[in-house]
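Please read it beside the sequence and the model.

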Amino acid sequence: MELDLDNFNVLPHPDYRSGIAALIGRANVGKSTLLNHILQEKVSIISPVAQTTRNVIRGIWSEERGQLVFLDTPGIHKAKYELGKVMNRTARSSMSGADLSLLILDASTRPREEDEGWMRRIIPTQTPCIIALNKCDEEASFEDDYREMWEAVSAEKGIEHVCPWFSISALTGDGVPALLDCLFTSVPIGPPLFPEEMLTDFPKKLNIADIIREKLFANLKDELPHAIAVVVDSMDETDERISIECEIYVNKPSQKGIVIGNKGRLLKKVERQARDELAGIYEKTVVLRLWVKVEKDWAKNHWILKKLGHA
């Protein structure tokens with residue numbers, strides 16, 4: 001998309017606000033679900049498998065009040081390999097360039113070490129922060145436990161960090177309008193940071209790879225999702241059609257067989273599901289070819305991580 005730079009630095013109206021909000025929190029708390037709900041479009045893949053988001057994805061919400069640029073970050077987790085370490089560094093560094101942080105907590109489960117880690121990072125810096133207790137539609141609620149954890153860390157540090165708390169459901173949208181109201185009042189008055197018709201600046205190749213990875217996750221369940229990476233090897237696009245060839249990396253031959261499935265059925269199913277979704281997104285015919293390649297310890301390989309946009 002060609003940017004209309006002449007219209008930048010111009011306020012659409014005197015009260016127009018714009019800013020960057022980093023969506024932070026441990027893995028699988030609903031950051032991507034919240035982003036997709038706000039944008040009313042799917043720009044970040046969703047899966048019940050933790051650590052689905054591997055890159056920082058910018059989602060751009062523009063309306064009469066202004067523009068919010070959301071950074072959907074990888075969830076903090078205990079990293080074993082280089083990929084996990086890169087993801088954790090990416091998530092932690094996202095706060096530095098943002099106007100505020102939106103800490104997402106899973107109110108349906110008890111607080112974990114990673115939640116406390118985020119609190120310990122936020123409180124001493126006095127970084128502007130809003131806290132969203134997600135999954136308020138679930139029966140169990142551990143809101144009091146999270147508030148006690150926040151107060152305990154504040155007392156230990158000897159720092160009082162006051163920030164608003166919201167109960168929301170990223171799935172149903174409950175509480176999200178009030179959260180958006182707070183976000184808009186928390187960012188400064190200023191011109192849009194991106195063209196108002198733009199929804200994301202996430203590269204198309206990475207978006208395509210993510211959608212394919214989401215379908216693999218959905219079909220493989222917990223069998224070996226974190227052993228999988230998807231790279232768009234080639235892409236040829238015209239006004240009516242996109243031809244895409246992708247490599248799916250696994251660590252060992254036995255995993256290759258699982259991804260391909262009996263008589264190739266699983267891979268064909270993934271190929272069909274991804275093709276249909278991509279055709280809907282890009283509104284043109286999609287020709288998709290998937291190949292499975294064994295690459296031992298690919299998550300430690302700098303060049304593969306670079307292809308995946310992590311290095």
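Which side chain meets that of R110 in a salt bridge? The partner is D145, and the N to O separation is 4.0 Å. A salt bridge here is a side-chain nitrogen of Lys or Arg within 4 Å of a carboxyl oxygen of Asp or Glu.

This is a predicted model, in which local features need pLDDT of at least 70 and side-chain atom pairs count only at pLDDT 80 or more, while totals for chains, interfaces and linings use all residues. Residues are numbered from 1 along each chain as its sequence is written, and side-chain values use heavy atoms, with hydrogens and water left out.

**Salt bridges**

A search of the whole structure finds 13 salt bridges. Side chains of opposite charge can pair when their charged atoms come close. Helices (H or I, at least four residues) and strands (E, at least two) are DSSP runs, numbered from the N terminus. R110 is exposed, with a relative accessible area of 53%, and D145 is partly exposed, with 29%. In these terms buried means under 20% relative accessible area, exposed means over 50%, and partly exposed lies in between (1.4 Å probe, protein chains only). The areas themselves come from the Shrake-Rupley method with a 1.4 Å probe, and for residues only the protein chains shown count as cover.

| Pair | N to O distance |
|---|---|
| D115 and R26 | 2.9 Å |
| R110 and D145 | 4.0 Å |
| K284 and E237 | 3.0 Å |

D115 forms its salt bridge with R26, and this pair too links distant parts of the chain, with D115 in helix α3 (residues 113-125) and R26 in the loop between β1 (17-24) and α1 (31-39), 89 residues apart. Both D115 and R26 are buried. K284 forms a salt bridge with E237, again linking distant parts of the chain, as K284 is in the loop between α8 (265-282) and β9 (285-294) and E237 is in strand β7 (residues 229-237), 47 residues apart. K284 counts as buried because its relative accessibility is 16%, while E237, with a relative accessible area of 35%, is partly exposed. Elsewhere, E63, R65 and D181 are linked in a network of salt bridges.

How many aromatic pairs does the count come to? The count comes to one aromatic pair, under a rule by which rings of Phe, Tyr and Trp (its six-membered ring) pair if their centres lie within 6.5 Å, with planes under 30 degrees apart counted as stacked, over 60 as edge-to-face and the rest as tilted. The rings of W150 and W165 have centres 6.1 Å apart and planes at 85°, so this pair is edge-to-face. The pair links distant parts of the chain, from W150 in helix α4 to W165 in strand β6 (residues 165-167), 15 residues apart. W150 is buried, with a relative accessible area of 6%, and W165 counts as buried at 17%.

P164 is placed in the loop between α4 and β6 and counts as partly exposed at 33% relative accessibility. The C-alpha atoms of P164 and C182 are separated by 8.4 Å, although these residues are 18 apart along the chain.

**Backbone angles**

Most residues other than glycine have a negative phi, and most peptide bonds are trans. N28, in the loop between β1 and α1, has a positive phi near 70°, and N28 is partly exposed, with a relative accessible area of 34%. E283, in the loop between α8 and β9, has a positive phi of about 55° although it is not a glycine, and E283 counts as exposed at 71% relative accessibility.

**Surface charge and a buried leucine**

D137, E138, E139 and D174 gather in a patch of negative charge on the surface. Patches are made of residues with over 30% relative accessible area and no salt bridge, with like charges joined within 9 Å and nonpolar side chains (Val, Leu, Ile, Met, Phe, Trp, Tyr) within 5 Å. E139 is found in the loop between β5 (129-134) and α4 (143-157) and counts as exposed at 83% relative accessibility. By contrast, L35 in helix α1 is buried, with a relative accessible area of 0%.

Methods:
Lys and Arg count as positive and Asp and Glu as negative; His and the chain ends are not counted. The place of a charge is taken as NZ of Lys, CZ of Arg, CG of Asp or CD of Glu.
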